Amino acid sequence: MISVLITGANGQLAKCIQDVVRKEHLNIEWVFKTSKELDITNQRNVQDLLKNNKFNYLVNCAAYTSVDKAESEKEKALLINARAVKYLAEYCKKNNIIFIHISTDFVFDGTKNDPYTEEDITNPINVYGLSKLKGEQYIQETLERFFIIRTSWVYSEYGHNFVKTMLGLAKERDQINVVNDQIGSPTYAKDLAKAIVEIISSNFDKYGIYNYSNEGAISWFDFSKKIFEFACENINVFPVTSDNYITPAKRPKNSVLDKNKMVEELKVSVPHWEESLKKMLQE
């Protein structure tokens, strides 16, 4: 039987993986560990777990994701998103484990006019993106058998995310301002979870970097309007530029990811973001 270790079990992606595997009757053992149960920054903790258990895959959903806080907590971001990832990669190599790691569109600077492919030059413009890129680089330096999945604008019914924030604001206000000059592809975490489960259950061996987000591209402003429309919330939304909404961390203007490699090489389906948003809101 295939055995899979999932880190960051309390995060929205890991929770979505749990939802998916509950419905899938696969001959796979899934072991979920929270950050309290498995601190990926603790080398002894990781080593003991991997030494005493035989895993075929390690899916790293643990991450430092506070984009703005990372500007003032650089060492913490680098510890969790880079050095801890290096530890995991080294242990995967020693124990012959296939490593699946979740990365981000923030490894790019957002200046490209077209969707980003896996081969495009990386150039992060904030500490969070830099920390995630260093994690990617450690994996590539250490392993041959890995899947790095870059994703963007992740949301779900779990945790803190843009969709839940907008729904909360709709209950408190009658109008809000939302940035209109940052373009990306929203990603329903349950769709990404299904893609990860498909990669594992199909035993794909075409290792490397892959992009995964839902199809389509939209601004945060237009995304928020669709959220309110689908949720039947009556709130006025006004577009503003990034210059009117200053944050500690710079954001890429273009975060759209090209998914052709994922679809063609791994045969993974990629729903449109509108279809997935409706499903999430039904949940």
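In which loop is S242 found? The legends below take up this point after an overview of the chain.

**Figure 1. Overview of the predicted chain.** This is a predicted model, in which local features need pLDDT of at least 70 and side-chain atom pairs count only at pLDDT 80 or more, whereas totals for chains, interfaces and linings use all residues. Residues are numbered from 1 along each chain as its sequence is written, and side-chain values use heavy atoms, with hydrogens and water left out. The chain has 9 helices and 12 strands, where helices (H or I, at least four residues) and strands (E, at least two) are DSSP runs numbered from the N terminus. The radius of gyration is 18 Å, close to the 19 Å that the globule rule gives for 283 residues, so the chain is as compact as a globular protein of that length; the radius is taken over C-alpha atoms, and the rule is 2.2 Å times the number of residues to the power 0.38. Buried residues make up 52% of the 283 residues, with buried meaning under 20% relative accessible area, exposed over 50%, and partly exposed in between (1.4 Å probe, protein chains only).

Figure 2. Six strands form an open sheet in the order β2-β1-β3-β4-β5-β10, with parallel pairing; two strands pair if DSSP finds at least two bridges between them. The edge strands, each pairing on one side only, are β2 (28-33) and β10 (208-211). Neighbouring strands of this sheet are turned by 20° against each other on average, direction ignored. Helix α1 (residues 12-23) packs on the sheet, touching β1 (2-7), β2, β3 (57-60) and β4 (98-104), and its direction makes about 150° with that of β2. Contact means heavy atoms within 4.5 Å, while axes are lines fitted to C-alpha atoms, for helices over the stretch in contact, and angles run from 0 to 180 degrees between N-to-C directions.

Figure 3. In helix α2 (residues 43-52), the buried residues are V46, L49 and L50. Seen down the axis of α2, these residues fall within an arc of 90°, so they line one face of the helix; the arc is that of the directions from the helix axis to the C-beta atoms. Their cover includes β1, β2, β3 and α3 (74-95), whereas the face turned away from the buried side carries the exposed residues R44, K51 and N52.

**Figure 4. Two serines in loops.** S242 is found in the loop between β12 (236-240) and α8 (260-266), and counts as buried at 15% relative accessibility. Not counting residues up to four places away in sequence, S242 touches V179, D181, Q182 and K253. S35, in the loop between β2 and α2, counts as exposed at 54% relative accessibility.

**Figure 5. Positive phi in two loop residues.** Most residues other than glycine have a negative phi. N203, in the loop between α6 (189-201) and β10, has a positive phi near 55°. C232 likewise has a positive phi, near 60°, and lies in the loop between α7 (220-230) and β12, where C232 is exposed with a relative accessible area of 70%.
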